[in-house]
Protein chains: 2
Amino acid sequence: MTDLPLAPGSTIGILGGGQLGRMLAVAASRLGFDIVILDPDPDPPAGRVSAHAIPAPYDDPRALEALAAAASLVTYEFENVPAGAVAKLAEIGVEVAPGPLALKVAQDRWEEKTFLNANGAATVAFAKADTAEEAVAAVETVGAPALMKTRREGYDGKGQRWVEHAAEADRAFAELGGVPVILEAAAAFERELSIIAARGRDGSMAVYPLAENHHENGILRRSIAPARLSPQAREQAERIAARILTGLDYVGVIGVELFEMAGGNLLVNEIAPRVHNTGHWTMDGCAVDQFEQHIRAVAGWPLGPTHAIARVEMLNLLGDEVDGWRRFAGEPETRVHLYGKREAKPGRKMGHVNRVKAL
Amino acid sequence: MTDLPLAPGSTIGILGGGQLGRMLAVAASRLGFDIVILDPDPDPPAGRVSAHAIPAPYDDPRALEALAAAASLVTYEFENVPAGAVAKLAEIGVEVAPGPLALKVAQDRWEEKTFLNANGAATVAFAKADTAEEAVAAVETVGAPALMKTRREGYDGKGQRWVEHAAEADRAFAELGGVPVILEAAAAFERELSIIAARGRDGSMAVYPLAENHHENGILRRSIAPARLSPQAREQAERIAARILTGLDYVGVIGVELFEMAGGNLLVNEIAPRVHNTGHWTMDGCAVDQFEQHIRAVAGWPLGPTHAIARVEMLNLLGDEVDGWRRFAGEPETRVHLYGKREAKPGRKMGHVNRVKAL
């Protein structure tokens, strides 16, 4: 067993070496930890700010053994960690946080919504389908238009189709590969919001102010935080976050995406058992950002303060938008965060800027 | 020649991989740069947050060639970089910033004070001595008690002796190794202050609010910033910083240590052509800290804002004081910065904490 709180000088393993792993690694280094990254990419962005990197598939047994030998505990930057990898790490005896229940729930959209509803967090109506016939029936159940999503994988709008009429469901089902899907009723939401929250080893919780989020083509474009909303809506969001964290016996930072409906009621869209793009504003808007908070939580340290010290507009830099660095660098109110990715493919998250104003 | 402003994705070399190099590396990574460290230590603190580390003496020609091959430009975390190393890098054609004049002046206490006085920055009275006889005469010139310091090397109170009477100067001279020294008149100062300032490639300048500093046994113990002082004193400090930066045709961040005399007049104690321990408060007290500011300056980016957004008490963690991390981690107002050093030798700078309050 790992001695907690984890002492500075210890090594923390991270599955995944993208921008989230990179920002986690930087936050961990500030607290005196060393980082080892496991990522199939031989030159992942996080590897260049970490003590070690192991280039191997996530489920490579020897790589997992090397990771376990180097690290006192392991966390991850993305929810689609193979279940076998986590089982292997558990078998070796190295702790993985957040734990297996969070991964199980987050990896399957049907499990996720079922868990949410069972824990008092409302969602849109939904139904699952394993066949084309079930897909048609599911659209009839939830009502058209409905959003068909693969139960597993898929991010940034990938792996989903709108179905306008039940009769089109079989074609959409085939287009998504004939894999198990979930059908979701359309949410006539007013705004997309999110809440970033953390739970420590001792069950203590900390929630950040909500962010208002704007997506384009399924990809987050910008967040504004703290979002303006009623005290009632804020309390509802915090209650939802607390129920999810407790229900998952969670350790670490979680991102909860919300729909604000007409009248102010909140539905949960989805959860991400990790640091979250809509929490990047905390890097310049809070004394302890979501990355340090996650490291504090998994390392068994006390959680840090979460109140806003500034108002932030976070703008994702997608693809060649990163070429705007010269302009952003010259804006006094703009903090530049670039991820060190070699190639600016269209839609790829290359960095973000936080435009900071007084509260 | 390196294209400036330096584009993200480029590599910056740093001579020295201690805590200053580490915090520079982290700041550079945030702007999308890769870092290569040159340090004789095979496992320097900065190496574990950098893309590459070259373990070799600073004046190793092959190591310098490898550094120059990897990096678009080179900077340093300490002023005692061997002149030969900088000459070698210049010969290869890789730019070093801050430039050779700053190093020449900062490496020799007599050159330094001579430069300061020539540029309108007052210091205590001083005289140089190359022999025991000259040392006695120098004490008679500046008046006893006088502080004898080796002209070169020495930091954190090392390489210096108080001389109470001129007759004792020959013994002190021998104790310091018989090397060239400088004698300084005692400064009956009220407070020790410092100003951290930056100058960009285009000659633009930015100065941070002053810090009030407290030393113990020649080692910085704590800084409080912004220091409370009169507008006149602040203007004098800013004028001094500007004259030094201009006089050195400086690029990067500089630390200027000041004595505040009775009545408020400021004398310069010494300058450090690098990021400075008394500027660590900027990590939590300013939107752009001294580390990012230095990277911006040497990379030819516009300088960032320097106004305080909070009031900070910075406390150095020396030796086993770093074991207090559990307590500091539990203080909501305290930000923890640990350097990843393996061994907590007495007096060694292991980390610092910034205690943050509203302005």
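Me: How many residues of chain B are in contact with chain A?

Reply: This is a predicted model, and in it 30 residues of chain B are in contact with 29 residues of chain A. On the chain B side, α1 (19–30), α11 (325–329), β17 (334–338) and β18 (349–357) each supply at least two residues, and the largest share, four residues, comes from β17(B).

Me: How do the residues of the side of chain B that touches chain A divide into nonpolar, polar and charged?

Reply: That side of chain B divides into 17 nonpolar, eight polar and five charged residues.

Me: What should I look for in the way two copies of a chain are arranged?

Reply: In general, two copies of a chain are related by a rotation about an axis and a shift along it. Here a rotation of 180° with 0.0 Å of shift along its axis superposes chain B on chain A, with an RMSD of 0.0 Å, and the two copies are therefore related as by a two-fold rotation axis. The same surface serves both copies, in that 97% of the contact residues of chain B recur in chain A.

Me: Which residue of chain B comes closest to the rotation axis?

Reply: Among the residues of chain B, that is B:Val49, whose C-alpha comes to 2.0 Å from the axis.

Me: Which domains does the assignment give for chain A?

Reply: The domain assignment gives domain 1 (11–96), domain 2 (125–185) and domain 3 (189–357) of chain A. The C-alpha centres of domain 1 and domain 3 of chain A lie 22 Å apart, and the contact between these domains takes 19 residues from domain 1 and 15 residues from domain 3. On the domain 1 side, α1 (19–30) and β4 (73–76) of chain A give two or more residues, with α1(A) giving the most, eight residues. The residues of this side of domain 1 divide into 12 nonpolar, two polar and five charged.

Me: In what order do the five strands of the open sheet in chain A stand?

Reply: The order is β3-β2-β1-β4-β5 in chain A, and the pairing is parallel. Because β3 (52–55) and β5 (95–96) of chain A stand at the edges with a single partner strand each, one side of each is left without a neighbour in the sheet. Further in, five bridges join β1 (residues 11–15) to β2 (residues 34–39) of chain A, and A:Ile12 stands opposite A:Ile35 in β2(A).

Note on methods: Residues numbered from 1 in each chain as written. Chains lettered and ligands numbered in written order. Predicted model: local features only at pLDDT ≥ 70, side-chain atom pairs only at ≥ 80, totals over all residues. Contact = placed C-beta atoms within 7 Å. Nonpolar A, V, L, I, M, F, W, Y, C, P; charged D, E, K, R; others polar. Least-squares fit on C-alpha atoms with pLDDT ≥ 70 in both. Domains from an automatic or database assignment. Pairing = 2+ DSSP bridges.
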